[in-house]
Amino acid sequence: MRDLDPRRRVPRTDALLADPALTAAAGTLGRDRVKAAIARAQGRARAGEITPEQVRDAALADLPAPAPRAVLNATGVVLHTNLGRAPLSAAAVDALVAAAGHTDVELDLRTGRRARRGREALDALAAAVPDAPAVHVVNNGAAALVLAATALAADREIVVSRGELVEIGDGFRLPDLLESTGARLREVGTTNRTGLADYAAAVGPRTGFVLKVHPSNFRVTGFTSAVPVGELATLGAPVVADIGSGLLAPDPLLPDEPDAASTLRAGAHLVTASGDKLLGGPQAGLLLGAADLVERLRRHPLARALRVDKLTLAALAATLHAPTTPTREALHAEPGALRARTERLRDRLGEDGCKAEVVPTAAVVGGGGAPGVELDSWALSLPERYAEPLRTGAPPILGRVLHGRLLLDLRCVPAAADPDLRAAILRVGA
């Protein structure tokens, strides 16, 4: 008599381990971990919770997803902080891979002797900003400012406008960050108006430096005034300018965004910035300025704790050498070309029975850069019900929900990913 017990159809462990998807998972997660997931799935099948045919998929679902997961950014936010800000260029990715093994990060191969750490990245940064007599790199923008405050103003005063005491994200506030170094803040002016006389009255023998902070994630409008770096440089104290977003040279698209070269020419003694914003590179803190100040920072004991690793140095050098970056390409994408590309996607979807619309929209810089600047763009408009399954699918696709519609802006989506985007939309609509 034929045995109808479905438990006898539960696939064997060796057969499941030979499955290509589970074999690949064992290569990244380890054979023991995959076997344990298989055993749990087989147990569920024997308990009648799932069918024997579902064991493979259940085992795969029980395994952790790669972390972090690659996401298609269709939000229209170029530097999306929650998505890791700037995506790296192909050259930077290749440099990361090359630097994963042994490298000459602190070795001169010609002499066989120890060399300056990260010299290629530092030389590339210096070449990109010739107005900087010296440069240094630490592990993020906040670290650059902390190192400057510790080395130049510990047990001294930092003179700063009240209107520039910003919160930088995740609840971290600039005053708390600076005071943690042992410096004392000397606040001047008011939230909306600060004049040169306010700074002049505060500068004295206890001044470590005057701090100029670009309010990169908000705007104050109306009855306002602020003091430019050039005027602050006349006060006789070092001027440290935190420009934030990492723009190294002027960009006509962002006329109100400060850049390192112009800020140094205006008289700043030291400029701090981030590497993973408008520069389009890896997370890093950039320090550019007077040779004596940069050397003080470089030789301070804290600099060791804030040192960047070889992977960051490799990606930064490649970013600085490359003619462009994905960030720059997204910022300067031509609206007409975006519209044509989005319409092609709509038409292809329509051929498969999926109705979508193409609508005008506004993209933004994001990442604490160029607040208020909007970039004319175009988006594919779908029903809101598409948002969650696209966000949780493979690959995850993140759009923007507005007025009951899901908007997918292709500005930051690589053109090569359009077929993946189309396939994912069709799966949801099926």
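A: Two strands are taken to pair if DSSP finds at least two bridges between them. The model discussed here is predicted.

On that basis, seven strands make up an open sheet with mixed pairing, in the order 5-13-12-11-10-6-9. The edges are held by strand 5 (134-138) and strand 9 (184-188); each has a single partner strand, so one side of each is left without a neighbour in the sheet. From one strand to the next, the twist averages 25 degrees.

Within this order, strand 11 (residues 239-244) and strand 12 (residues 270-274) are joined by four bridges in the parallel sense. Val240 has Leu270 of strand 12 opposite.

Two helices may be described against this sheet. Helix 6 (residues 119-128) packs on the sheet and touches strand 5 and strand 13 (285-289). The direction of helix 6 makes about 130 degrees with that of strand 5. Helix 7 (residues 141-153) lies across strand 5, strand 6 (157-161), strand 10 (207-213), strand 11, strand 12 and strand 13. Relative to strand 10, helix 7 runs at about 155 degrees.

The nonpolar core may be considered next. The largest one has 37 residues, of which Leu286 and Leu288 touch the most other members. Leaving aside residues up to four places away in sequence, Leu286 touches Leu125, His136, Val137, Ala144, Leu248, Val271, Thr272, Ala273, Ser274, Gly275, Leu279 and Leu316.

Strand 18 (residues 405-409) is mostly covered, with four of its five residues buried. Strand 15 (residues 369-383) pairs with strand 18 in the antiparallel sense over five bridges, and Pro383 stands opposite Arg405 of strand 18. Strand 17 (residues 400-402) also pairs with strand 18 in the antiparallel sense, over three bridges; here Val401 has Leu406 as its bridge partner. Strand 17 and strand 18 form a hairpin with two residues between them. In that turn, His403 has a positive phi of about 50 degrees.

Notes
Residues are numbered from 1 along each chain as its sequence is written. This is a predicted model: local features need pLDDT of at least 70, side-chain atom pairs count only at pLDDT 80 or more; totals for chains, interfaces and linings use all residues. Side-chain values use heavy atoms; hydrogens and water are left out. A nonpolar core is a set of buried Ala, Val, Leu, Ile, Met, Phe, Trp, Tyr and Cys residues joined through side-chain atoms within 4.5 Å. Buried means under 20% relative accessible area, exposed over 50%, partly exposed in between (1.4 Å probe, protein chains only). Contact means heavy atoms within 4.5 Å. Axes are lines fitted to C-alpha atoms, for helices over the stretch in contact, and angles run from 0 to 180 degrees between N-to-C directions.
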